[in-house]
Each structure stands twice: as structure tokens, then as C-alpha cells.
Amino acid sequence: MLSFLPRLGQKLIKVLDQHTMDGFVYRVDMRLRPFGESGPLVMSFAALEDYYQEQGRDWERYAMVKARVLGAEKKEYCQILRQMLRPFVYRRYIDFSVIQSLRNMKSMISREVRRRGMIDNIKLGAGGIREIEFITQVFQLIRGGREPELQSHSLLTVLNVIAKLELLSAQETSQLADSYLFLRRLENLLQSIADQQTQTLPDNLEDKARLAFAMGFDDWQMLYQQINQKMQAVSVIFTQLIGEDDENEDEEDVSEFKRLWLLGRLPDSATLFHQGLTAEDRQAICQTLQLFRQDISKRTIGPRGRDVLDALMPKLLAKVCLQPQALVILQRITPLLLGIVSRTTYLELMQESDEVLTHVVRLCAASPMIAEQLTRHPLLLDELLDPHSLYEPLPLNAYQDELRQYLLRVPEEDEEQRLEALRQFKQAQLLRIAAEDIAGVLPVMKVSDHLTYLAEAIIHAVVHQAWSYMVKRYGEPAHLAQRDGLGFAVVGYGKLGGWELGYSSDLDLVFLLDCPMNILTTGAKQIDARQFYLRLAQRIIHLFSTRTSSGVLYEVDARLRPSGESGMLVSTIQAFDEYQKNEAWTWEHQALIRARMIYGDDQLQQMFARTRHETLCLARNATVLQQEVREMRQKMVQHLAPTQSNTFDLKASSGGITDIEFIAQYLVLRFSHQYPALTRWSDNVRILELMAKYQVMSEQEAQLLTQAYVTLRNELHHLALQTLPAVVDGDCFITERQWVLSSKQKWLDE
């Protein structure tokens, strides 16, 4: 077999390529195979995979974009071959190394054209067919791993996708398609004149006249003018997108910072630094760079990575040193650079894209939390490519659809990749929300709304993934044939239930089911339906808490379920109703105020809403209720508030956020029997609005508490962005604290 297959290949080449008295069928070129002309004519799949993983070169990636198996596309072995080669061609990250590689290839082609005197070459010349192919391949190879639609063999199809994704304008893609079709037709006519493989325009009058006539022009001059216009239009787009290899003429300030980076010599001109930076600050920057270079020397970095880093650092320093906190920013960015220094693609992304570099500096200047996120997850650098989406909030109801679209890129059966995709989606959206927060696009309450809707979208995706897994193993619970929905619900408590999630909040979840006794699943491997729901909840928690290379999705706390940690992980809706009305403690009713259903069918939604409403509207002894709420709050202060008198914990200290929450919860439990509409909302701001509406408290008191709450929450968010604890000096927010303590004294008698 080993000798048969090469001979078969040789025979096929000979049949197609051999000249006879009748000519030949096709020219055959085998030089694109691994190792080129010195490589074997036939290779096994395993040998092919080893070659491309270990020795595959950039130009082979470009060639592979158009590769396809002839005549057997749907065969299983062809699918295996495609899956094996796809990671080599289409990287899962946005790969900006392509631009420099294509730039180098274009430069080599241009030098060869000049050396060989190839004038008027419509394929290899400026604006020719090759440049159109390079433009489409740039987007295919940079983004093809993220956008499967770009993984097409057809150049015109890819141009349509590029326009759809708004990577180029519709006018530019139309120009490229028009020029491509025009030049391809011209190329075919050129080669048909003397049956030669040529792309050079003719130099004799007879062939010029033939071409002009065949292309539908009155004379050669008109055709030649049109060729120049088409190629000029392509050349402009190519230069804007890819540029030329010799365009790296350093600006003066970048040259100065090049000396700083390579030689450790500070620029002579102080104007290159922010005016607020002292001589000591500039010296500290120099020392930080020296330490960074020492750390770099301990890392594995190849010649290509070293070249990219040397090109990147002067540009980075030129931007950083114009900032008032230049030293702090540099100290935040250097860990990121150390993390990606051996991953040249990310260095090239920052070096090639001035927008990415600008946003890295801006975001790291504003928040160490974002700097740490970028350091831990460099894949997030891809999100900085589009400032339009980075600083423009998604509509709140769009997160589920965005996540659904994002997960379409991952095979449904590949659970590990879907877990990774969920985490990457969350991190990308967190980055966007934080960027919008920093830019002032989102006020604090809207930040929490976005974080909450993001969590809800992820909960829906996780439940569906866990459900699919369970149904494959056991089938569905049989009673679902007689009811709509899944008979399963996820209830959010705490910050999730109250639309108040922060950047690092965990999820307080309670799981409910609606299923009769003695029901089995419908699969070949049957289990009790209630056992099915228990395992479903365990699976959901597992999917949230599994640590992948992108970390944990969310920490999940299920201790607020009936009977706490000693209770069942999943309760029937009937048992939940019984527990809340007859066994739950006052603090559990306080928690129920902030509870709402995140996932579940309409039937369960109505049953839960009725249980919550009826429980909160129970008549209570006002004195006993006040005492129990007050004592619970006092215990929290003793255990959680700082003991130093000169500090104030925004959440736990007296006069802080938790006091406002307890006041609102006390009022709901005390007055809902009288005013049932008070149970409507689960967030503090709208609860306080209801208190004023139903005259439980004055409108002025409600507004003051709301203002204090929003002010303290705003500070809490800003401290989170700076990775600082929620503790401030004791003389901060005195006015707001007095408002809160006054209401606390009035309602809780404390």
C-alpha cells in the first residue's frame, strides 16, 4: 500500500499534465504539499497533522484557506481531515500576526516583480488579484476561528460576509468584488490568447485590440484606463488595511522611547512626558522598565516575539508617559505583557492595532480590576478592537440572544468547549460593562441591571445545557407530556433577586420542581423523576463551579433553600409553600422579599409568585417583628462591621447599605398585610418608592434613603473597580449616614 499510493498519484499527475499531440488536460503543481518538492507525494493523516502543528508556515495557512477535498466532501474521512486541519488554519483567538506575515509576503512579491521587470501584471502588481485575495484572507485568518461564516473557499462569499459583519464598508466590498470579477475575466482572456499561464498585459497592438474587443471596450486606451482605476481602488483598500512593509518610519517621540526601551536612556525632552511627572517619576519609570527587562530575560521568547516586543514597547511608552499616573499604569500593564510575551499573537495585536493599545492604556489607567482581568485572560484583548461596541451598552433584553449567537460557534455536543465559551462570554461582557462604567456611560444602578441580566442569560444557558445532558442519559420525566415547560425553576435571591449584582457577586439560588410522586423518566435508563430533578440541580451547580482555563463561571450559594444546608437541594413547589408559611424564620421572609424566579415555566412562575405574595402578606405582630429584625441586624454589625472607630464599612457598618435594606424589608413585612401591593418588587429602590406611594413613610424620607443608597452603592462600585475593600474613612458620607440612622431609629427603635 505504501508504494501503491505514490504510484497512483504519479499516474494521475501524468494523465492530467502530460503533453500529447492533442495537448494536455491541466497543469498540475504539487509544490504546495508538506516539505514542497522534497516531501513525499502521499502522507498519512497523522504525519500531515504533525507537520502542520510543528512545521507549518504562514503561507501554508493562506494556501489552506482555499483547499478542499475533490469529489468526496461528505465522506467521513474528509470530515476528519477538515477537523484536523481547521485549528491550523483558523485560530480560536483573533490572530493579528497574519497582517505582518501578509505584509512580508506582499513585499517579497513586489521585489520579485521589480527584479523580473514584470510591468503591468494584473495579478501580482499593486491593486492586482493577489491583493484582493490577501484582503479577504486577512479577515478569514484573523477572525475565521470566531466567525465560521468566514471559513469559505469562495472569495465572493467571504466578501459578502465581511460586509455583513461590517469589517469593511459595503462600498469597499462592492469595489473589491467588482474589481476581482473584472480582473479575473481579463486574466482568462489573457491566457486564452496563446494558451499560456500569464497575467501580464500584452505589449503588441494586435493582442491589445483583441483584449479590448473581448472586454467590450472601443479601444485599448479605454480598457487600460479602466484597469488602472480598478487596481487603484484595490490598492487604496489594501494599503489602508495591511500597509506596506517599509512604512515603519518612526516618529520622533517613538524614536526617543525606543532608546528608553532598548538602552534605558530617558528622553532629553520633558515634553514627551505629562507635565505633572517629576524627575523622580521619570527615573522610577526607567527602573520599572529595567525590572521588566530582567523578567523578560527569564521567559521563553523567540526572535519573532522579541522583534514584536521591541516594536511595541516604544509605542506603548509614548502613550503611557503622557498620562499623569504613568508609573502606576506601567506597573499595571507590565504583568499583562509578561503574561503574553511568549504568545506573540497578542503582542502583535497590540502592536498592529493602535486602538487596542490606546484602550489597554486607558482601561488599565482607570481600573486595576480590568488590568488584572486582561492579565488573567488575554483573550479579552480581542474585545478592544471595536470601540463602538466596547462603550455602547447592549439592550438589557439582548444578552440572551447575544449568548445564543455566541454559543452557535461551538458544537452542542462539545460540553467542555461550551463551558469555556460561557466563561469567555461572561468575561467579555464584564469588560464591556466595566468600560462603560468607567466612561460614565452607565450610572451605578444601570451597571447592576446589566450585570444581573448577564447572569440571567448565563443561568438560562446553563440550565439548558444541564437539561440536555440529563435527558440524553435518562429521558424526560414522564409527566411533562401533560404539562408545558420543564417542571423546574431557578429562583434568585439576594443581589441577583434584587437586580443589584456587582462585578464579583456570587449567585444565591434556590431550585424548585413541580412533579407528582412515583413518576419515572422516559429514557432507556429510567430513574425516579424527582431524583432526575435533584441530579439536574447538582449538574447545574457543577457547570457553574467547574474551573476551566478561564476560571469559574459563578460561585453558587444554595443555602437559602428551605431548612438551609440540611434541607433538600430541590424542593417541590408545594413543600416550599408549606415551609415559607409555617416554618420559615423572620430572616428567611426578609430573604424572600428579594427573591424572584429567574428560570421556569409560566405555571411554576404563578405558583411561586402566589406563595411569595401570600407569605409576605401574613399578619405579623409589629413589636415581635421589630425585635427580631433589630436583633438580626445587631448580630450582623457585631460580626461583620469593622471595630476601628475611624473607618466605615459601606455595607456592614451602622448607617450603611445593609441598614437601608433592613428598613425596607421590615416595612414590607409589617405593612404588606395592609397594603398587598408592597410585595411587588424585590429591589430596594422600588420598594422605597412603594413606601412613599402608599404613605407608609414620607416622600422626603424615601427620597433621602434612596439617595443615600445610590450614593453608597456608587462608591462601592468604584472601590470594586480599584480592587479596594468596601471600607472608607470614618468621616466620609456623614450626611447620608445620618439620614439612614434617623430612619433606623424611627422604624427599628435602634
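Asn-518 counts as exposed because its relative accessibility is 71% (exposed means over 50% relative accessible area, buried under 20%, and partly exposed in between, with a 1.4 Å probe and protein chains only). Asn-518 is not a glycine, yet has a positive phi of about 60°, and its place is the loop between strand 2 (507-513) and helix 23; helices (H or I, at least four residues) and strands (E, at least two) are DSSP runs numbered from the N terminus.

The model is predicted, so local features need pLDDT of at least 70 and side-chain atom pairs count only at pLDDT 80 or more, whereas totals for chains, interfaces and linings use all residues. Residues are numbered from 1 along each chain as its sequence is written, and side-chain values use heavy atoms, with hydrogens and water left out.

Taken as a whole, the protein chain holds 31 helices and seven strands, and its C-alpha trace spans about 110 × 75 × 55 Å along the principal axes. Of its 750 residues, 50% are buried. Among contacts with a separation of 6 or more, 71% join residues 24 or more positions apart, where a contact means heavy atoms within 4.5 Å.

The domain assignment, whose bounds come from an automatic or database source, gives domain 1 (95-242), domain 2 (256-385), domain 3 (459-617) and domain 4 (622-749). The C-alpha centres of domain 2 and domain 3 are 47 Å apart. An unreviewed UniProt entry lists residues 4-81 and 358-610 as "domain: Glutamate-ammonia ligase adenylyltransferase repeated"; such positions are in the numbering used here, feature names are shortened, and annotations may be inferred rather than shown by experiment. Over residues 358-610, the chain is 53% helix and 9% strand, with 52 Å between the end C-alpha atoms.

Helix 21 (residues 444-474) has 31 residues and reaches 45 Å from its first C-alpha to its last, close to the expected 45 Å, a span taken as 1.5 Å times one less than the number of residues. Because 22 of its 31 residues are buried, helix 21 is largely enclosed by the rest of the structure. Just after helix 21, Gly-475 takes a positive phi of about 80°.

Tyr-533 sits in helix 23 (residues 529-545) and counts as buried because its relative accessibility is 0%. Beyond its neighbours within four places in sequence, Tyr-533 is in contact with residues including Trp-467, Pro-477, His-479, Phe-488, Cys-515 and Val-570. Leu-316 lies 217 residues from Tyr-533 along the chain, and their C-alpha atoms are separated by 54 Å.

Elsewhere, Thr-288 belongs to helix 12 (residues 279-297) and is buried, with a relative accessible area of 13%. Leaving aside neighbours within four places in sequence, Thr-288 is in contact with Leu-327, Leu-330 and Gln-331.

The axes of helix 6 (residues 129-143) and helix 10 (residues 220-241) come within 10 Å and cross at roughly 35°; axes are lines fitted to C-alpha atoms, for helices over the stretch in contact, with angles from 0 to 180 degrees between N-to-C directions. The residues of helix 6 that meet helix 10 include Ile-135, Val-138 and Phe-139, and their counterparts in helix 10 include Val-234, Ile-237 and Leu-241. An α-helix has 3.6 residues a turn, so residues three or four places apart point the same way.

Finally, Phe-733, which is not a glycine, has a positive phi of about 55° and is found in the loop between strand 7 (727-729) and helix 31 (734-748).
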